[in-house]
Amino acid sequence: MALSLEIRGLDAGYGAVRALHGVSLSIGEKETVALLGTNGNGKSTLMKCVMGMVRPSRGDIVLNLDGQAFDLKTLSTEAIVDLGVAMVPEGRRLFPRLTVEENLLLGAYRRASRRQLGRNLEFCYEAFPVLKERRRQLAGSMSGGQQQMLAIARALMSAPKLLLVDEPSVGLAPILVSHTITKIKELKEEYGLTVLMAEQNFHQAIRIADRGSIIVHGEIVFSGTVSELEKNELVKSYYLGT
Amino acid sequence: MFSLDLLFEALIFGVLLGCFYAAVSIGLSVSFGLLDVPHVAHPAIMVLGSYCTWLLATRSSLDPLLAGVLLMPAFFLVGVLVYRFYYETFERRGSDAAVRGLAFFFGLAFIIEVGLILFFGVDQRSVEASYIGKSFRFGDYRIPMRMLVAFAVALLLTFFLSLYLSRTFVGRAIKAVAQDEPALRLMGANPVRIKQWAFGIATGVSALAGAMLVIVSPVEPAMDRVYIGRTFCVVVLAGLGSMTGTLAAGLILGIAESVVMMLFGASWAPAVAFGLLLVVLGLRPQGLFGR
């Protein structure tokens with residue numbers, strides 16, 4: 001099961017606004033890469049490019065899967081999901097007037113995951129007991145922290161090989177941010193997930209990342225391992241306030 | 001004037017009338033209730049179903065109910081094509097899709113109406129079957145058999161649609177599609193295909209409802225106009241997109257109309273639907289069974 005994602009020289013934008021300039025990034029199997037940067041620097045745009053929701057104007061996004069290379073630039077979002085890529089979108093994007101369980105079942109829509117539906121559902125309820133308690137409740141009526149758990153669980157229902165998480169900490173109280181990150185860490189360790197996570201909370205992000213890249217104004221200004229990041233001057237000035 | 005006997009009779013008739021209302025509304029409960037498509041041509045398509053049933057029943061002497069069932073696949077296809085056309089020409093192009101869509105579907109309703117007049121003339125059409133015109137005794141009451149057709153069609157459609165929507169992957173996607181299309185893409189489903197499929201189902205269901213319509217009473221081309229108000233009323237009363245809610249709302253409307261008819265006379269009945277709607281929306285804006 002070889003898997004890797006290669007992003008090379010990516011340019012993307014919205015009309016006249018250029019959101020990404022020549023971004024290159026790679027993720028190997030079972031690796032967790034954090035995409036660090038404050039609001040408006042292009043983290044979400046990069047995620048959306050990988051999911052086929054924003055089309056880059058230049059560059060390549062290639063997913064290597066078991067010796068086969070897929071050019072994600074040319075595939076629809078549905079086809080990319082079908083390959084085994086899932087995203088926890090920014091703002092969670094649950095179906096508010098469906099129940100918790102209906103949301104989870106929709107997560108298993110892709111054909112490859114339908115077969116293991118029962119097992120995956122059980123696993124999600126085990127990982128997030130609160131979702132089991134509230135499985136008949138409408139998703140929109142849950143608290144922000146619970147909604148974030150549901151969004152993560154829903155993405156896992158598709159049994160993804162590559163998981164993208166876009167700003168899991170947004171709108172959550174600090175204690176919940178810490179819980180969420182811990183949960184993602186547990187999940188990836190237990191199931192060998194490959195994760196690309198966009199996050200502005202540096203301290204939380206480096207708890208689970210193997211490597212990190214800092215994106216500023218649509219360009220990657222630094223990439224390195226977590227210990228390299230911690231020593232980096234730019235990080236110090238940007239995030240650590242020293 | 002008032003007696004328990006009369007009230008009981010009004011209740012029985014109200015239940016049957018209510019099932020009839022639920023059966024004519026349930027297709028709209030999918031297309032408008034779940035997909036947010038302002039499908040005012042829904043009753044017109046149903047009347048088209050009545051005429052097709054009439055054609056099959058008189059030309060090939062098929063049982064009208066069977067004719068309705070046989071028409072369902074063809075109507076499903078018609079629904080898929082209508083939605084595709086609506087999507088390419090209207091929905092895809094902008095945020096004011098609802099208002100412009102209203103014009104599209106009013107246009108479609110008139111085209112169907114005029115087509116029916118040109119093809120069949122303005123005369124009323126009715127079908128024959130062994131159970132039409134007969135009645136049976138229920139205690140002291142006589143119940144017309146044809147109303148039992150409405151009863152059966154309503155229950156069957158509610159049962160199977162609820163089951164389909166809650167138990168299948170595509171069914172659940174149909175329930176989700178109007179809530180967040182980009183999020184549905186992230187689940188791996190194509191929203192346009194889902195809506196197209198669902199609109200096909202709504203239209204297929206209308207063929208059976210149309211067969212029931214012509215069994216219950218004679219039809220004429222402009223008959224859809226009477227039903228635009230009532231069907232939308234039932235769907236909104238139910239709470240958008242709830243199938244069992246649609247059955248319940250149909251029953252409430254049928255019983256209310258029937259009791260009002262008994263107490264105050266038939267001319268008050270049409271006011272009941274909208275009176276009820278205003279009261280319910282005042283107290284429960286999401287409808288009786290809405291989420």
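1. Basis. This is a predicted model, in which local features need pLDDT of at least 70, side-chain atom pairs count only at pLDDT 80 or more, and totals for chains, interfaces and linings use all residues. Residues are numbered from 1 along each chain as its sequence is written, chains are lettered from A and ligands numbered from 1 in the order in which they are written, and side-chain values use heavy atoms, with hydrogens and water left out.

2. Four-stranded sheet of chain A. Helices (H or I, at least four residues) and strands (E, at least two) are DSSP runs numbered from the N terminus; two strands pair if DSSP finds at least two bridges between them. An open sheet of four strands has the order β2-β1-β4-β5 in chain A, with antiparallel pairing. Its edges are β2 and β5 of chain A, each of which pairs on one side only. Direction ignored, neighbouring strands of this sheet are turned by 20° against each other on average. Axes here are lines fitted to C-alpha atoms, for helices over the stretch in contact, and angles run from 0 to 180 degrees between N-to-C directions.

3. The β1–β2 pair. β1(A) and β2(A) are antiparallel and share eight bridges. A:L5 has A:I27 in β2(A) as its bridge partner. The hairpin of these strands, β1(A) and β2(A), has two residues between them, and A:G15 takes a positive phi near 60° there.

4. The β1–β4 pair. Strand β1 (residues 3–14) of chain A runs antiparallel to β4(A), and seven bridges join them. A:S4 is partnered by A:N64 in β4(A), and A:D11 stands opposite A:R58 of β4(A).

5. The β4–β5 pair. β4 (residues 58–65) and β5 (residues 68–71) of chain A are antiparallel and joined by four bridges. A:N64, the partner of A:S4, also has A:A69 in β5(A) as a bridge partner. In this hairpin of β4(A) and β5(A), with two residues between the strands, A:D66 takes a positive phi near 50°.

6. Helix on the sheet. Helix α1 (residues 43–50) of chain A lies across β1, β2 and β4 of chain A and runs at about 120° to β1(A). Contact means heavy atoms within 4.5 Å.

7. Six-stranded sheet of chain A. A further open sheet has six strands in the order β6-β7-β8-β3-β9-β10 of chain A, and its pairing is mixed. The edge strands, each pairing on one side only, are β6 (85–88) and β10 (219–225) of chain A. From one strand to the next the twist averages 15°. β9 (residues 211–216) of chain A and β10(A) pair in the antiparallel sense over six bridges, and A:I215 has A:I220 of β10(A) as its partner.

8. Salt bridges. A salt bridge is a side-chain nitrogen of Lys or Arg within 4 Å of a carboxyl oxygen of Asp or Glu. The whole structure has 16 of these salt bridges over all chains. In one, the side chains of A:R211 and A:E31 meet at 2.6 Å, N to O. A:R211 lies in strand β9 of chain A and A:E31 in the loop between β2 (17–28) and β3 (32–36) of chain A, so the pair ties together parts that are 180 residues apart in sequence.

9. Extent of the chain B–chain A interface. The contact takes 25 residues from chain A and 19 residues from chain B. Chain B and chain A bury about 2200 Å² between them, and 66% of this is on carbon and sulfur atoms. Buried area is the accessible area (1.4 Å probe) that two parts lose on being put together, summed over both. In chain B, B:F169, B:L186 and B:M187 lose the most area to chain A, together 36% of what that side buries.

10. Three salt bridges cross between chain B and chain A. The side chains of A:E78 and B:R185 meet in a salt bridge at 2.7 Å, N to O. On the chain B side that touches chain A, α6 (169–176) and α7 (181–186) of chain B each supply at least two residues, and α6(B) gives the most, with six residues.
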